[in-house]
Amino acid sequence: MKSYLDYATLLGKMFADAGKIGSAQKTAAAADIIGKFDGNAPTPPEVLIFAPHPDDECITGLLPLRLMRECGARITDIAVTLGSKISRRAERRAELESACAYLGWEMHVCGGGNGFDNVRLQTRTDAPSQWAGFVDEIAEILKARKPAAIFAPHFDDWNGTHIGTAYLVADAVEKSGYAGTVFQTEYWGGLKSANLAA
C-alpha cells in the first residue's frame, strides 16, 4: 500500500467480499429475531432503542437498521434523557429529530418530551419515588407498544446515565412482564461476556 486511496480501495473490496458470505443465512437470522413483515400483518414489528442520550441511538443502531431493512421493522428511539445540560436540551432535541428523520425512525422523548433527569443508580437508591415514576413510564411504553425487540445499555457501561438506563429498562421489563428480545448495547465499556445474536 502506498496511499490512503490504496487502503480505502482494499477496505472497499474486503467489505464487498464480506457481503457475499452467507447473505441468505444473515437474513434468516435477522428474521428469526423479530419475524419478517410481509405486508399481511396489520403493522410491522416494532423495535425500541432506549437511548440514554441523544446520539446513542445512532452509535448503537446498526442491528436496528438491519432489522428495519431486512425484516421491515419499525424502529422507534425512546430518548430517555436530552442530556444533563438544561441549556442545550432544545439543541439536543433538534439533533435527535434530524438523526431520526435521516434514519427513517420514529422517536419518543420520555418525561413529557423533556427527558428524565438524573437517570443514575444513585437516584434508584436515594429517590425511589422519582425512580418509580421513570419505571412506570417505561413499563407503560412496553405494554402499549409490545415491541418485538428492545435495545438498552448493559449494566457495566461506565457512563452513569448509561448504567442508570440499563437498570431503568430492566426494572420496567420486570414490571411490565415484557417477554420479547432484549439486546444489551455497549459504548463506554464493553460487555464482559458478549455474544453474537445475529
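Contact here means heavy atoms within 4.5 Å. The model in these views is predicted, and local features need pLDDT of at least 70, side-chain atom pairs count only at pLDDT 80 or more, while totals for chains, interfaces and linings use all residues. Residues are numbered from 1 along each chain as its sequence is written, and side-chain values use heavy atoms, with hydrogens and water left out.

**View 1. Meet I150 and its neighbours.** Not counting residues up to four places away in sequence, I150 touches L48, F50, L142, V169, V173, Y178, T181, V182 and F183.

**View 2. The largest nonpolar core has 21 residues.** Such a core is a set of buried (under 20% relative accessible area, 1.4 Å probe, protein chains only) Ala, Val, Leu, Ile, Met, Phe, Trp, Tyr and Cys residues joined through side-chain atoms within 4.5 Å. F50, F116, I138, L142, I150 and L168 touch the most other members. β1 (46-51), α7 (128-145), β4 (149-153) and α8 (160-176) each supply at least two residues; helices (H or I, at least four residues) and strands (E, at least two) are DSSP runs, numbered from the N terminus. With seven residues, α7 gives the most to this core. Another core, of 16 residues, lies apart from it and includes I49, L67, A73 and C100.

**View 3. Five strands form an open sheet.** Their order is β3-β2-β1-β4-β5, with parallel pairing (two strands pair if DSSP finds at least two bridges between them). β3 (106-109) and β5 (181-185) stand at the edges with a single partner strand each, so one side of each is left without a neighbour in the sheet.

**View 4. β2 meets β3.** Four bridges join strand β2 (residues 74-79) to β3, and I78 stands opposite H108 in β3.

Notes:
Buried means under 20% relative accessible area, exposed over 50%, partly exposed in between (1.4 Å probe, protein chains only).
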